[in-house]
Amino acid sequence: MRLLIGFATAWAFIHFFRGIGHPLPFLNGYLTDFLAVPAMAHLALLIIRRTVARDPGFVFPFGWVLFVAAYVSLVMEVLAPAFSPRYTGDWGDVAAYFAGGVCYQLWMKRKTVFARNKGEPV
């Protein structure tokens with residue numbers, strides 16, 4: 001839950017500065033994309049752990065996280081620009097989605113191994 005709160009706080013911070021007309025150059029462009037896949041995957045993980053798996057130690061297989069990154073890339077960088085001039089396709093965003101997914105998976109794997117070695121729930 002702390003991770004999800006961290007994602008939401010970073011997103012709110014970036015959008016606050018964007019809203020007052022002072023976008024943070026690199027963060028405005030890529031940090032939100034980098035955090036998008038981890039935020040969606042983590043929210044889905046929390047829901048699945050409580051409702052479907054009923055296992056606090058359940059983590060997504062890496063392929064699932066890559067699928068989320070590919071799906072978000074397709075929707076946001078290919079389909080959305082085709083239907084709305086508000087959106088633009090950017091390979092940097094695609095890289096940020098996948099980098100965020102890979103970092104999230106590595107972090108979750110590390111956290112899971114650490115917790116299991118200590119005998120704690122994840």
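Me: Helix axes are lines fitted to C-alpha atoms over the stretch in contact, with angles from 0 to 180 degrees between N-to-C directions. How are α1 and α2 oriented to each other?

Reply: This is a predicted model, where local features need pLDDT of at least 70, side-chain atom pairs count only at pLDDT 80 or more, and totals for chains, interfaces and linings use all residues. Residues are numbered from 1 along each chain as its sequence is written, and side-chain values use heavy atoms, without hydrogens and water. The axes of α1 (residues 2-19) and α2 (residues 25-51) come within 9 Å and cross at roughly 150° (helices are DSSP runs of H or I, at least four residues, numbered from the N terminus). Angles over 145 degrees count as roughly antiparallel, so α1 and α2 are roughly antiparallel.

Me: Which residues of α2 make the contact with α1?

Reply: Contact means heavy atoms within 4.5 Å. From α1 come Leu3, Leu4, Phe7, Ala10, Trp11, Ile14, His15 and Arg18. Facing them in α2 are Leu27, Asn28, Leu31, Thr32, Leu35, Pro38, Ala39, His42, Leu43 and Leu46.

Me: What kind of pair do phenylalanine 16 and phenylalanine 17 form?

Reply: The structure holds six aromatic pairs (ring centres of Phe, Tyr or the six-membered ring of Trp within 6.5 Å; planes under 30 degrees apart are stacked, over 60 edge-to-face, the rest tilted). The centres of phenylalanine 16 and phenylalanine 17 lie 5.3 Å apart with planes at 80°, so the pair is edge-to-face.

Me: Is phenylalanine 60 buried or exposed?

Reply: The rings of phenylalanine 60 and tryptophan 64 form a tilted pair, with planes at 45°. Tryptophan 64 is partly exposed at 45% relative accessibility (under 20% is buried, over 50% exposed, in between partly exposed; 1.4 Å probe, protein chains only). With a relative accessible area of 9%, phenylalanine 60 is buried.

Key: Helices (H or I, at least four residues) and strands (E, at least two) are DSSP runs, numbered from the N terminus. Angles under 35 degrees count as roughly parallel, over 145 as roughly antiparallel, 65 to 115 as roughly perpendicular and the rest as oblique.
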